[in-house]
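Subject: Structure handover

Hello,

Please find the structure below, with the sequence alongside. My notes on what was found in it follow.

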Amino acid sequence: MRFLLILTALVAIGYSVKTYHKEIYDFGLTLGDEIVALNYDKQIDYSGIHLLVESELAPLIPREKSVWWWLFNPESIEAAVSRSPFISEVSVEPCSSFLFDSWGCFSISVVERVPSFIAEIEGDYWVVGQDGGFIAPAPKKISIDQYLSSLESKFGKLRVVRGLSAVRSSPDLVQARFTYARQAMDLIEQVSTHALEWGELRPNGEFAAKLSNWNLIANFDYDPDRADGLRQESERLKVLLEQFEGREHRIREIDLAFQKSAIVKLHEEETPQPKAQG
């Protein structure tokens with residue numbers, strides 16, 4: 001009797017499968033899709049992004065990994081996102097402490113590194129952060145002008161530091177000279193009240209600076225131990241530019257590497273100027 005009941009049940013199941021096989025097959029596919037979606041679909045919420053855009057981080061994020069993998073490997077995700085040279089810190093965690101209330105939702109918090117300078121070293125260019133740390137080399141597939149323009153569209157004006165080539169073999173010396181150049185540019189801008197486009201440490205011991213508003217180069221005495229001397233020269237630059245107000249475009253170069261005077265050189269079509277006392 002038991003055998004007949006089992007046999008009848010098997011026949012009934014077989015008939016149901018034969019009759020409703022498409023419905024059962026479709027249900028199986030749907031259930032499978034739902035399981036895959038539940039295990040792999042994710043919502044990612046970003047915080048701390050102000051200058052970058054999410055699409056720049058997207059290639060670094062392992063979306064192909066399962067939700068379970070994300071839950072147990074946040075350090076791997078953080079390491080992947082940290083490969084962006086413009087990210088200094090990153091943390092990954094579920095959107096909610098109640099796991100199943102926000103299943104598949106993850107929060108990625110970042111701290112951005114903000115570029116502030118471009119450093120030129122033997123024809124190569126490096127992006128340098130506000131902290132003076134070298135972030136990443138500039139790509140060589142586009143010109144430095146194009147790259148600088150793309151950075152400035154996001155981060156604002158970046159100043160260029162030149163003259164680090166001679167000490168490339170010594171990272172500590174490169175960093176020291178860069179730090180001096182940055183401090184020199186800050187002081188010159190502060191005292192003269194004029195923005196600089198670039199600064200250059202020259203082999204003759206002078207520090208040259210290109211003013212942003214005019215095609216004008218100012219030369220200063222290079223002495224890291226005499227900030228007061230650089231301040232005085234910056235004050236003379238301010239006085240001279242005030243005297244040339246409205247005619248600054250006529251100046252080609254100002255040599256301030258003298259204790260109490262400066263030499264003003266005009267563009268070729270102009271009459272050379274004698275020493276200006278200050």
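Ile-87 stands opposite Glu-112 in β3. The strands β2 and β3 pair in the antiparallel sense, over seven bridges; two strands count as paired if DSSP finds at least two bridges between them. Helices (H or I, at least four residues) and strands (E, at least two) are DSSP runs, numbered from the N terminus. Helix α4, residues 74–81, packs on the sheet and touches β2 and β3, its direction making about 150° with that of β2. Contact here means heavy atoms within 4.5 Å. Axes are lines fitted to C-alpha atoms, for helices over the stretch in contact, and angles run from 0 to 180 degrees between N-to-C directions.

The sheet is open and is formed by three strands in the order β1-β3-β2, with mixed pairing. Because β1 (43–47) and β2 each have a single partner strand, they stand at the edges, and one side of each is left without a neighbour in the sheet. From one strand to the next, the twist averages 20°.

A note on the source: this is a predicted model, in which local features need pLDDT of at least 70 and side-chain atom pairs count only at pLDDT 80 or more, while totals for chains, interfaces and linings use all residues. Residues are numbered from 1 along each chain as its sequence is written, and side-chain values use heavy atoms, with hydrogens and water left out.

Disulfide

A search of the whole structure finds one disulfide, meaning a pair of cysteine sulfur atoms within 2.5 Å. Cys-95 and Cys-105 form it, with their sulfur atoms 2.0 Å apart. The pair links distant parts of the chain, ten residues apart: Cys-95 is in the loop between β2 (87–94) and β3 (105–112), and Cys-105 is in strand β3. The link is left-handed, with -70° about the S-S bond. Buried means under 20% relative accessible area, exposed over 50%, and partly exposed in between (1.4 Å probe, protein chains only). Cys-95 is partly exposed at 32%, whereas Cys-105, at 9%, is buried.

Salt bridges

The structure holds nine salt bridges, each a side-chain nitrogen of Lys or Arg within 4 Å of a carboxyl oxygen of Asp or Glu. One of them joins Lys-210 and Glu-197 (3.3 Å, N to O). That pair links distant parts of the chain, 13 residues apart, with Lys-210 in strand β9 (residues 206–211) and Glu-197 in strand β8 (residues 196–201). Lys-210 is buried at 10%, while Glu-197 is partly exposed at 30%.

Glu-152 forms a salt bridge with Lys-157, the closest N and O atoms being 3.8 Å apart. Here Glu-152 is partly exposed at 23% and Lys-157 is exposed at 56%. Between Glu-253 and Arg-252, also joined by a salt bridge, the closest N and O atoms are 3.7 Å apart. Glu-253 is buried at 16%; Arg-252 is partly exposed at 37%. Arg-159, Asp-186 and Glu-189 are linked in a network of salt bridges.

A buried charge

Asp-255 lies in strand β11 (residues 251–255). Asp-255 is buried yet has no salt bridge, and the nearest side chain of opposite charge, Lys-265, is 5.3 Å away. Lys and Arg count as positive and Asp and Glu as negative; His and the chain ends are not counted. Leaving aside residues up to four places away in sequence, Asp-255 touches Glu-206, Asn-219, Ser-261, Ala-262 and Ile-263.

Regards
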